[in-house]
Amino acid sequence: ALFRRIALTFAIDLGYFGTKALRANREKEHCNIPWVVLMDPTSACNRHCKGCWAAEYGHKSNLTLDEMRRIVRECKALGTHFFMYTGGEPLIRKDFRYLLTELKKMGLLVLVNSNGSLIDRDWLDFFRHEPPFRFNITLYGASDAAYERLCGRPMFARVTENIRALRELGVEVKLNVSMTPY
C-alpha cells in the first residue's frame with residue numbers, strides 16, 4: 001500500500017503535473033527549471049570528517065525556515081516536486097521537522113542526506129509519522145576505528161543502529177559508502 005501510494009504520487013504529481021508545469025514554465029520563463037532541487041538548510045555539521053566539503057565552508061551559513069518555505073513554494077509553483085536536503089547535516093536543524101511536514105502535506109517528494117549520527121528518539125518519533133521518500137545515510141568505513149580515523153570519533157555502531165531503527169519504521173534507507181584506505 002505504501003509503495004503503491006508513493007509510486008502514484010511520483011507518477012502523477014511529478015510525472016504528469018510536474019512535467020507539464022515544468023515544460024510550460026520553461027517556455028514562459030525562457031530558462032531551465034529543475035525537476036529536483038538540492039538544498040542545504042545549513043552548512044553546520046556535528047562532524048569534521050576528512051575530505052568533506054562542508055568543513056571548508058564553516059558552520060555559520062543557514063537558511064531560515066521562512067527562506068526554505070519561500071524557495072519550496074516558488075519551486076512548486078514552477079513545477080518542481082522533488083526536494084533533496086543535504087548540508088552540513090540537516091538534522092542539526094530542529095526546525096527542519098516543520099519544513100518536512102509541510103512538504104509532505106504539499107504532496108512533494110523529499111530525500112534527506114545525513115551522516116546518520118543525530119537520529120535520536122525524537123527524530124525517530126517524527127519519522128514514524130512523517131517519513132521522507134528516502135533517507136540517504138553516508139557510511140565512512142565499516143568499523144568504529146575507521147570512523148575515529150576519518151571523523152574524530154567512533155560512530156559506526158551508532159549510525160548502523162540508527163539505520164536499523166529507521167528500517168524498522170519502514171523508512172527506505174540508501175547507503176552512500178565512502179571508499180577509504182582505512
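The legends below describe close-up views of a predicted model.

Residues are numbered from 1 along each chain as its sequence is written, and side-chain values use heavy atoms, with hydrogens and water left out. Because the model is predicted, local features need pLDDT of at least 70 and side-chain atom pairs count only at pLDDT 80 or more, while totals for chains, interfaces and linings use all residues.

**View 1. The open sheet of five parallel strands.** The strand order is S1-S2-S3-S4-S5, where strands are DSSP runs of E of at least two residues and helices are runs of H or I of at least four, numbered from the N terminus, and two strands pair if DSSP finds at least two bridges between them. Strand S1 (36-39) and strand S5 (173-177) are the edges, each pairing on one side only.

**View 2. Confidence along the protein chain.** The average pLDDT, the predictor's confidence in each residue from 0 to 100, is 85 for the protein chain, and 86% of the residues score at least 70. Among the elements of the chain, helix H1 (residues 2-29) has the lowest mean pLDDT, 61, whereas helix H6 (residues 156-168) has the highest, 96.
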